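This briefing is meant to be read alongside the sequence and the coordinates. Please keep both at hand while going through the topics below.

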Amino acid sequence: MVAAPVDRETALREIRTGLRRGQQALADWEGGRLAVSAVPGSGKSTGMAAAAAIAIARHQLHLNRQLVLVTFTRSAAANLKAKVRGHLKNLGLPQTSFTVSTLHGLALTIATRNPELSNLNLDTLTLVSPAQNNRLLRVCVEQWIVANPDLYHHLIEGRQFDGEETEQLRRQSVLRTEVLPSLAHTVIREAKSSGLMPAELLELAQQVNHNLPGDVEDYDVLTIAAGLYERYQALLSQRGWIDYDDMILGALRTLDDPDSLRFWQGRTFAVFEDEAQDSSPLQTRLLTLLAGDPEYPDGEPNLVRVGDPNQAINSTFTPADPVFFNQFCDDCRRQDRLVTMDQAGRSSGIIMAAANQMLAWVNQARVAGPETPFRNQAIAPVPPNDPQPGANPDPLGVGLDILSPPTTLDTVRLMAERVRDLYAENPDTSFAILVREGRQSQFVGNLLRDPDLVGGVDLAAMGLKFYDVGEQDRQTKVPEEMLALLRFIERPHSPDMLKGALRVLVDRKRVPTQDLNALAQAPEQFLYPGPLDAPPDTDAARTARRYCAGLLRSRLELPPYSLFSFIGLTLGYNQSELATADKLAARVSQQIRNDNTLGAAIAVLQDIVGSERFTAVDTEDTDSLYTRPGQLTLITMHKAKGLDWDVVFLPFLHDKTIPGTLWVPPQGEFLGDFTLAEVARAQIRTYAHADTEQERGSIPDIITAWEQAKHLKAAEEYRLLYVAMTRAKRLLWMSAAQQAPFTWSKPENVQVATPCPVLPVLREWLRGARVSE
């Protein structure tokens, strides 16, 4: 049977008619640059998929002239690809007219096609894993220390130093294992993603302002950073490794060749980029080149960038920064090429209004420094005839609750009771508790699993599924924790191995938080103190010594296979984690049958950690989704981006957390009231953000850079709160207990706590909104 011919024009009109105002403006793109700034819940991917299908049809694209779609993650790429394919099928168009990939996947495709140009050949090069990268950074640090004794000694002296040997050993440990690896990690990513190589970073170091007050030590941070970066690059080359930024650099080297550039531009009709607020300058340069017209090199690139600068929440731990996408939007606006996708159907009106109120107040009050954290765009409801089913749903109750419970325990109890009542009314309701950090997640999870601690509310008995995302993530850390403790058992007199084991014990709350450098600087004295030794003798130190001694005894009494279960019990693993440890033990045991030694087990485990993601054993329902109806999901705010639920709880909103302050670890305070990594980040970003050569030539001193780093953190924390608030569809529940932990590593130690500055503002606004009704 022959299929009926497709009325393509009618089908194209139907696709466009099914879009909102901002989505239609994206779909009407005909060429050149276009910036699309989209609010949460506005349907970015839906609009992009429709615009892609329309562009493919209008311009008759095919295998050798494709539309290139770029997304942030592989899951987003799969979702976008499915939507575009659906449209093309209805239009009767070939599926080969477009490609969808992550940015790094696209870069690798370009670089590996011409290895002689990119210097990247996957037959001889290996992508460095996170574990390998961490070890590489440690080698960089050791090599840099040997090559730069004067700079290293300056760091040891810090602000003040009396030459005492024990303190010198402690400072050396802090610098070698914490400060310098952190500086290297931060600077390499920041500099490389901005297109700065070690020699250029060293030149930039000469432009730093060194006019500091007499009581502030100047460490020439960027010079140290450039030295670490240079060692890193040399080691990558020696070992035949590449990192993710090398993929981008390799692709750019390929496109530096005129013939290669013409080839790739000839195959590429246009580039559509999603989540553009998370792109680095280097990535943007690659996409701009690819989107150019080979016949008109100086013409406008066919580049459409879609994103939301107000949802940029990765800039404090990745090189991404919303300033770059904001600059692109401002440039496009001057050419009347900016689309604001501001209509959103996800949330009830009260929730959108609260998010708008928060955004406006934070910008106006300048609570995050001189720069405004948000682009000035408000979320608007959709029109009554919107094609999305159930758009802007009715609120549950008022739709916004703001509470101040007496304690954090009361907070969890109130959340449990609210979930119970709403679930009883509608078992298909989806719930989520969004927390700022993992330790808060553990606190909430432990309470919700014990009905006696939350007023007798037994969610499981009601039939409500409880999905703790952090619990699943913790299982994937089992191999790394096992490796750290086995390394210590094998080499207990190594300060690094001892410190690694202690860090695991602290993270698992078996040992109290303390200065681990003081314990690890002299392992023999700590583990076996004699009458003349003076190791730390606090209760916390004695607890740490007891655990370490138990681990060392286990080597004498147990074979390698049994050590895995013993370590799991020592760390207090739950049922799923113990099952994962047993699976790991079986895997290792199978591979060391002919060499059943601890050293062989460590070698196998190191390969597992360094080369793959070990699959955890989940003893619960592995098919559950984060947003499944009839489920309560416990998740961090960062991981919640892109998701939504009917009811969202935001507990523990205190000013110590949001906006919080940049933390200087006590063990590193001998350097000053700042951290070298954040100072270097701010100095490099000053260069990267600059529009003119004059601005690039003025790099801030340590004190100014540290202030800028604090503003960067505060701005991102407020954007993170905005993201969290806009995950809610029908009810947003926010709270800050009157008493909260001083640190979440000890949740039982509470003190009077001040709420996040946004909460009183929203409470007053909500009161006014109710009166006006």
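This is a predicted model: local features need pLDDT of at least 70, side-chain atom pairs count only at pLDDT 80 or more; totals for chains, interfaces and linings use all residues.

In which helix is Arg253 found? Arg253 belongs to helix α12, which covers residues 244–255.

**Arg253 and its surroundings**
- With a relative accessible area of 31%, Arg253 is partly exposed, because that value falls between the 20% limit for buried and the 50% limit for exposed residues.
- When neighbours within four places in sequence are left aside, the residues in contact with Arg253 are Leu117, Ser118, Asn119 and Leu120.
- Arg253 and Asn114 are separated by 139 residues in sequence, while their C-alpha atoms lie 9.7 Å apart in space.

**The six-stranded sheet**
- An open sheet is formed by six strands in the order β3-β2-β6-β7-β1-β8, with parallel pairing.
- At its edges are β3 (98–102) and β8 (338–341), each of which pairs on one side only.
- On average, and with direction ignored, neighbouring strands of this sheet are turned by 15 degrees against each other.
- Within the sheet, β1 (residues 34–38) and β7 (residues 303–307) pair in the parallel sense over four bridges, and Val36 has Val306 as its bridge partner in β7.

**Helices lying across the strands**
- Helix α3 (residues 44–58) lies across β1, β2 (66–71), β3, β6 (268–273), β7 and β8, and runs at about 170 degrees to β6.
- Helix α13 (residues 258–267) lies across β2 and β6, and its direction is at about 75 degrees to β6.

**Strands β11 and β12**
- Strand β11 (residues 465–468) pairs in the parallel sense with β12 (residues 631–636), over four bridges, and the partner of Lys465 in β12 is Gln631.

- Lys499 is found in helix α22, which spans residues 495–507, and counts as buried because its relative accessibility is 2%, the limit being under 20%.
- The side chain of Lys499 makes a polar contact of 2.6 Å with the side chain of Asn517.
- Not counting residues up to four places away in sequence, Lys499 touches Ser173, Thr177, Glu178, Leu516, Asn517 and Ala520.

Methods. Residues are numbered from 1 along each chain as its sequence is written. Side-chain values use heavy atoms; hydrogens and water are left out. Helices (H or I, at least four residues) and strands (E, at least two) are DSSP runs, numbered from the N terminus. Buried means under 20% relative accessible area, exposed over 50%, partly exposed in between (1.4 Å probe, protein chains only). A polar contact is a pair of N or O atoms within 3.5 Å; within protein, one must be able to donate a hydrogen and the other to accept it, and residues adjacent in sequence count only if both atoms are side-chain atoms. Contact means heavy atoms within 4.5 Å. Two strands pair if DSSP finds at least two bridges between them. Axes are lines fitted to C-alpha atoms, for helices over the stretch in contact, and angles run from 0 to 180 degrees between N-to-C directions.
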